[in-house]
Amino acid sequence: MLSLSLKKLCKMIYLRPFELLEVNRLISWVNSPELLVQFSGPGFNFPLTKVAWDKHLSDTSIHPYFVVDLNTDETIGYPEIVKVDENEVKLCRLLIGDPDLRGLGLGKLLVRELIYESLAIASPKRILLNVYSHNTAAIKCYQSEGFVINESVSKTSLVDGMEWKSFQMDLML
């Protein structure tokens, strides 16, 4: 019999369309102001609300999903693909909800699924995303899937009195 940690490493995932009826699941995962900023950028106020999320999703270029564990059918995460134009999509708001499931390689699986899904909804020549510079695990994950830091594009946000620098990362197809 496999150990619990090995079972977690063997997870397979799939994406299913996000349904606003389930927004409370997403809201429950975002349980601190810092996590909200890391997850969504500086554009939301804590606590995240259904009204704010509903307004966010009124933008038709946003394709929201839930991440589902193929073995258990449990919803374990949330990402978005934003169709910038026919040549470019942006991966946004990637989150594995349960902290115990973070750091187990699910991010790589999620990024791969999002790349495949991006190709299904557009014909991008470039996929981009933003990541905070202190989120080294995410940077390594994205780099392992072919993304490179675009040094010419960065932003700084003030979070709880501290400056958070974000980088754009690009995957050229």
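In strand β3, T75 is the bridge partner of V68. The model is a predicted one, in which local features need pLDDT of at least 70 and side-chain atom pairs count only at pLDDT 80 or more, while totals for chains, interfaces and linings use all residues. Residues are numbered from 1 along each chain as its sequence is written, and side-chain values use heavy atoms, with hydrogens and water left out.

Strand β2 (residues 62–69) pairs with β3 in the antiparallel sense over five bridges, where strands are DSSP runs (E, at least two residues) and helices likewise (H or I, at least four), numbered from the N terminus, and pairing requires that DSSP finds at least two bridges. The two strands form a hairpin with five residues between them, and D73 in the turn has a positive phi of about 65°. β3 and β4 also run antiparallel, joined by seven bridges, with E80 standing opposite C92 in β4, and a hairpin of two residues links these strands. Because eight of its 11 residues are buried, strand β3 (residues 75–85) is largely enclosed by the rest of the structure; buried means under 20% relative accessible area, exposed over 50%, and partly exposed in between (1.4 Å probe, protein chains only).

In helix α6 (residues 136–144), the buried residues are A138, I139, C141 and Y142. Seen down the axis of α6, these fall within an arc of 160°, so they line one face of the helix, the arc being that of the directions from the helix axis to the C-beta atoms. The face turned away from this buried side carries the exposed residues A137 and K140.
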